[in-house]
Amino acid sequence: AEELVRKSELLSVIGQMAAGVAHEIRNPLTSLKGFVQLLRAHSGGKDEYYRIMLSELDRIEFIISEFLVLAKPQVVFQRKREMQPLLEQIVMIADTHAIMYNVQILTSYADNLPAIVCEENQLKQVFLNLLKNAVEAMPNGGVVTVSASVEDGMMLIAFTDQGCGIAEEQLLKLGEPFFTTKPNGTGLGLMVSYKIIANHGGTISVCSKEETGTTFEIRLPVR
Ligand code: ADP
Ligand code: MG
């Protein structure tokens, strides 16, 4: 337990620093991108190098934006939001991604789901991260199930896939910055998702079996 506390304190200090650096990098990065776009427009058709530079700059920008979430102080939640329309939106966005993987996304929502006091865009980001991971875990296709219900006074949102699963020694690394097993992964999606759900007073738990599949469960307080 002591080790866990130490680790979480260390992560929060690292997170604050990373977010501070991210903030400082954002402005020069925006200006750099603008000038590369300008150069590209004047490149007279030979724009391959510029295209690569822009896509690399986009990647840096994406990583920076993930880290900036860590800098957000405890968010002030003012709005109660229905979860079902929110999930439906995200499923629609993820569907285009899923089709490429031959993955079908099924949904199951309980009746009379309560509204949740939350930061809508942040929850959307979490749902999308988990859904993308589920799809990416199934290169040979399959079914991902998204469900929402109420259990023990908590909103329970679950993402279940039939994918590769997660090895036991890797379960401990989930949520660590830069932990990824994907060639083009950032290893930031889960870190940011854990942080956002913790800020909402909720939890994320994982249940996984190799070669069988994985379930991520989000629990959010209903107030
Ligand atoms: P990324 O997707 O960029 O790799 P994430 O933080 O989203 O970063 O995920 C970290 C790692 O956790 C992934 O690379 C993968 O190894 C593992 N992982 C996350 N979700 C799943 C899942 N549903 N099935 C199998 N592995 C997963
Ligand atoms: Mg991911």
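pLDDT is the predictor's confidence in each residue, on a scale from 0 to 100. This structure is a predicted model, so that scale comes first. Averaged over the protein, pLDDT is 89. A value of 70 or more is reached by 91% of the residues. For the complex, the predictor reports an ipTM of 0.99. The pTM is 0.83.

Now the architecture. The protein has seven strands and six helices. Read from the N terminus, their order is α-α-β-α-β-β-α-β-β-α-α-β-β. Along the principal axes, the C-alpha atoms fill a box of roughly 60 × 40 × 40 Å.

Next, contacts and burial. Take the contacts between residues at least 6 apart in sequence: 71% of them join residues at least 24 apart. Buried residues make up 23% of the 223 in the protein. Here a residue counts as buried if 20 or more other C-beta atoms lie within 10 Å of its own.

Helix α4 gives a local view. It covers residues 120–136, which makes 17 residues. At 1.5 Å a residue, the helix should span 24 Å. Which residues of α4 are buried? Gln122, Leu123, Val126 and Phe127 are among them. Further along, the buried residues include Asn129, Leu130, Leu131, Asn133, Ala134 and Val135.

Notes:
Residues are numbered from 1 along each chain as its sequence is written. Chains are lettered from A and ligands numbered from 1 in the order in which they are written. This is a predicted model: local features need pLDDT of at least 70, side-chain atom pairs count only at pLDDT 80 or more; totals for chains, interfaces and linings use all residues. Helices (H or I, at least four residues) and strands (E, at least two) are DSSP runs, numbered from the N terminus. A residue is buried if 20 or more other C-beta atoms lie within 10 Å of its own, exposed if 12 or fewer, and partly exposed in between; C-beta atoms are placed from the backbone. Two residues are in contact if their C-beta atoms, placed from the backbone, lie within 7 Å. The expected span of a helix is 1.5 Å times one less than its number of residues.
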